[in-house]
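I opened my notebook to work out how this model is put together. These are the things I looked up, one entry at a time.

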Amino acid sequence: MSLGLPGHLAPRAVGAGIARASHVVAAVCLAGAFVVTVIHQTLDVDKAIWPALFALLGMGALLAVVERRRNLLSVSAYLLLGGALIYLFSSVVLVQVPILTNSSVWVLSMLKVALVMVGAVGTRTLGSVLPPLAGYLLGEAATATAAAATGKAVQLDLTAALATLLVLVVGVGTTLGRAAARRAQPSIHRAAMDERVAALRATAEARAAALLHDTILSDLAAIAASTPGPLSPTLANQLQGDLVSIVGHDWSEEPAPSSHLSGPAGVWEASALASAVQTARGLGLDITLSGDPAAVAGLSREVDDALGLAVGQLLINVHKHSGETTAEVVVYAGGGSLSVMVIDGGRGFDERLIDRDRFGLRHSVRSRMAAVGGRVQVWSAPGSGTSVLVQVPAVVSAEDPLVPVPTGEDR
Amino acid sequence: MTAREPTLQSLDPLGALAGRPLTALAGIAAITLAVVLTVGYGRQIGSPVVAALAILVCAAACGALVWYSSPRRAPFRRRAAVLVTLAAVAASVLSTVASWGQNSLVRDDWGPVAIGLLLLALSPYRPPLEIQTLALVSAAAVAITTLAESPFFSGDVPPVTFVVVAATPILALALAGSAFSRTVIARIARWRARAETASVAQALNMQGGITRSVQQGRVSLLNRDVVPLFSGLVERSIVTLEDIERATAVSDAIRALMVAETERTWLDELILHPPSGTEAAVWPSVVSDPSHSADAMAFEQRAAVRALVGALGQRLAARNVSVRVTGTRRATFELSCSTDVGESHLNAVLAPYLAVLRAVFSDLSVAFARPSLTLRFCYDCQ
């Protein structure tokens with residue numbers, strides 16, 4: 001959610017930003033003063049200008065402390081000790097460098113600006129106004145005292161004054177404009193939360209629709225297709241089971257583990273795919289199983305569950321729409337995936353022409369497979385049967401395989 | 001939508017909006033400084049015409065800064081930043097030319113300070129790295145002119161001293177600006193990571209409730225039609241003709257409902273359901289999105305649209321809201337509605353929402369001729 005900082009955090013973030021920016025200005029000014037002082041020393045090696053460099057290093061160290069921990073103590077220390085170091089620096093250079101004639105020469109301005117750029121304490125206006133003002137006054141006092149003591153002219157420093165003005169305007173300006181523009185922030189964050197909830201609801205609705213399709217709609221279709229008379233025991237069982245699972249079961253809980261997964265009695269028998277084949281056989285479909293059914297061992301539980309439901313739906317489609325009573329299921333693995341082919345020799349169809357309200361392929365097969373990273377291909381034409389290829393990723397070293405996969409080379 | 005640049009304006013649109021007056025103030029300060037120092041050091045100026053031209057170019061740079069940083073023109077693009085910087089450097093060079101041979105003190109030149117101020121003012125709108133690059137390039141340009149001018153300066157020091165004096169304001173102010181945005185961007189990233197986790201956790205906490213309420217909706221439907229049919233059948237163990245007819249009818253009804261659900265997108269849900277606090281009766285609306293392009297919006301884009309629709313309903317009492325989404329690869333989203341509020345109130349209310357929309361969509365345009373308000377923006381479908 002990068003739709004902006006919440007109102008209560010913005011002042012602190014902006015405050016931290018201004019403090020860091022101030023310290024960068026101070027560092028650049030101290031660096032500039034350092035370079036120029038070194039130049040003065042190299043021009044006149046007989047003069048003892050170098051002690052001034054220690055004052056600059058001291059200020060640099062104090063600045064590093066304020067940058068690391070900005071609180072009342074460190075800020076006060078920077079201002080007071082910094083003021084003393086500026087006095088020391090000024091006393092040295094005003095005596096040793098003849099071309100520096102007054103208290104507002106460039107190199108001294110840089111030190112004063114560095115003192116002004118101490119950064120705010122806290123997030124209130126007063127905390128951002130007082131430290132720079134104190135820095136300005138202390139800096140001016142330090143250079144003026146040093147100039148007076150060394151017989152140089154005392155001059156008001158316009159650069160330091162303008163730097164102070166800049167810090168004050170930025171400090172006050174950011175606190176003033178804030179409230180008005182931030183007023184909308186809560187509603188924007190609320191909208192983001194609403195969006196998250198809406199997405200969850202949409203997922204829940206889609207799951208509910210798939211569940212409804214797999215159970216109630218297919219039950220209703222089975223009832224509609226039956227002839228008046230005694231209810232078949234298979235259908236009665238199915239209706240009973242679905243009533244419990246739809247109305248009696250809490251959907252927010254993980255789907256109840258299917259009974260067929262309870263024990264790893266055999267790799268194939270334990271899989272959801274086997275259960276789907278078994279259920280379809282119960283409907284009266286004669287299914288020939290071939291290939292390498294044991295390859296389902298390489299599937300994670302989630303993928304196996306989804307595959308079982310999808311293939312179950314495909315077999316129901318064969319039962320309901322193909323006009324055939326036989327189907328072939330071929331299972332084979334290779335290249336990191338497991339493929340299941342469901343083939344019938346029935347009526348066939350043109351996928352582009354089927355009714356919009358035929359959800360089986362869309363909801364129960366395609367969307368389920370897409371959700372686990374699988375894909376579905378359909379070959380069919382009216383009159384020439386239907387072949388559906390479902391491919392899912394097979395992770396042999398899955399975290400949660402159906403059954404432990406033998407490593408092969410046990411010592 | 002092109003990838004979002006790591007700028008404060010794009011990551012914290014409302015923060016940039018709040019800082020806009022400071023941007024204008026920086027421009028005014030740069031012009032004032034140029035005028036005051038030019039007039040104050042008039043005796044050092046050899047060519048008043050060039051000096052005046054320098055001030056004009058500086059004013060143009062400031063004008064461009066204020067123009068491009070307007071929330072209406074967001075986001076602030078790189079070419080605009082380069083233009084502002086080039087103009088500022090040109091103004092600085094012109095001011096050097098104006099006092100060529102007669103300038104005695106480099107620290108009194110307004111050029112480097114004006115460049116520094118403008119780069120500082122650019123920092124909320126451009127990535128920190130770009131500000132640093134522009135600072136280095138401008139400092140190099142100023143260093144060259146300063147070196148060329150150094151024989152005329154007073155003071156018996158090596159020319160590099162003048163270069164340090166001239167480059168310091170540019171580097172100090174521009175690097176401060178980039179440090180500011182870098183710090184705030186880092187804070188935003190830190191907050192975002194934490195907020196994201198918290199909000200996902202909160203949403204997941206709600207998931208149980210959401211699923212149950214979805215179930216409640218479906219089950220109450222099933223309780224009415226399906227449960228009596230099924231339990232009657234199981235109890236009697238006999239299928240009658242009436243059961244078969246009822247099963248067909250109920251199945252058709254459920255299918256019709258599912259078709260309607262499949263055709264709907266989140267946008268329909270958003271627009272068709274009146275936001276809380278509004279009268280359902282004054283919220284008849286239409287969504288036209290034949291290719292379901294609304295589904296291609298990213299999370300932040302959806303959230304921004306959601307916030308906008310909420311504000312339209314709750315703060316502007318908008319009615320007759322209609323939405324049209326066209327295009328498949330690059331979609332155009334057009335929202336029209338009617339509102340009776342005045343233009344100034346409308347602008348004040350919408351400004352923050354538009355700032356957020358501009359950060360996540362491109363080509364936002366707003367047209368208001370009371371009472372009709374139309375917003376249009378584009379995005380790339382993922």
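**Pairing.** Before naming any partners I needed a rule: two strands count as paired if DSSP finds at least two bridges between them. I also kept in mind that this is a predicted model.

With that in hand I looked up β3 (residues 319–326) and β4 (residues 330–338) of chain B, which pair antiparallel over 6 bridges. B:T326 has B:T332 in β4(B) as its bridge partner.

**The sheet.** Next I traced the open sheet of 5 strands in chain B, which goes β2-β3-β4-β6-β5 with mixed pairing. From one strand to the next, I noted an average twist of 10°.

**Helices on the sheet.** I found α10 (residues 299–315) of chain B lying across β4 and β6 of that chain, at about 10° to β4(B). Helix α11 (residues 343–360) of chain B touches β5 and β6, and its direction makes about 170° with that of β5(B).

**Where the chains meet.** How many residues does each chain bring to the contact? I got 90 from chain B and 92 from chain A. The buried area came out at about 7900 Å², with 74% from carbon and sulfur atoms. B:R107, B:W191 and B:F230 supply 9% of what chain B buries against chain A.

I then checked charges: there are 3 salt bridges between the chains. One of them joins A:D157 to B:R107, with the closest N and O atoms 4.0 Å apart.

**A last pairing.** I ended on β1 (residues 229–230) of chain A, which 2 bridges join to β1(B) in the antiparallel sense. There, A:G229 stands opposite B:V239.

Terms used:
Residues are numbered from 1 along each chain as its sequence is written. Chains are lettered from A and ligands numbered from 1 in the order in which they are written. This is a predicted model: local features need pLDDT of at least 70, side-chain atom pairs count only at pLDDT 80 or more; totals for chains, interfaces and linings use all residues. Side-chain values use heavy atoms; hydrogens and water are left out. Helices (H or I, at least four residues) and strands (E, at least two) are DSSP runs, numbered from the N terminus. Axes are lines fitted to C-alpha atoms, for helices over the stretch in contact, and angles run from 0 to 180 degrees between N-to-C directions. Contact means heavy atoms within 4.5 Å. Buried area is the accessible area (1.4 Å probe) that two parts lose on being put together, summed over both. A salt bridge is a side-chain nitrogen of Lys or Arg within 4 Å of a carboxyl oxygen of Asp or Glu.
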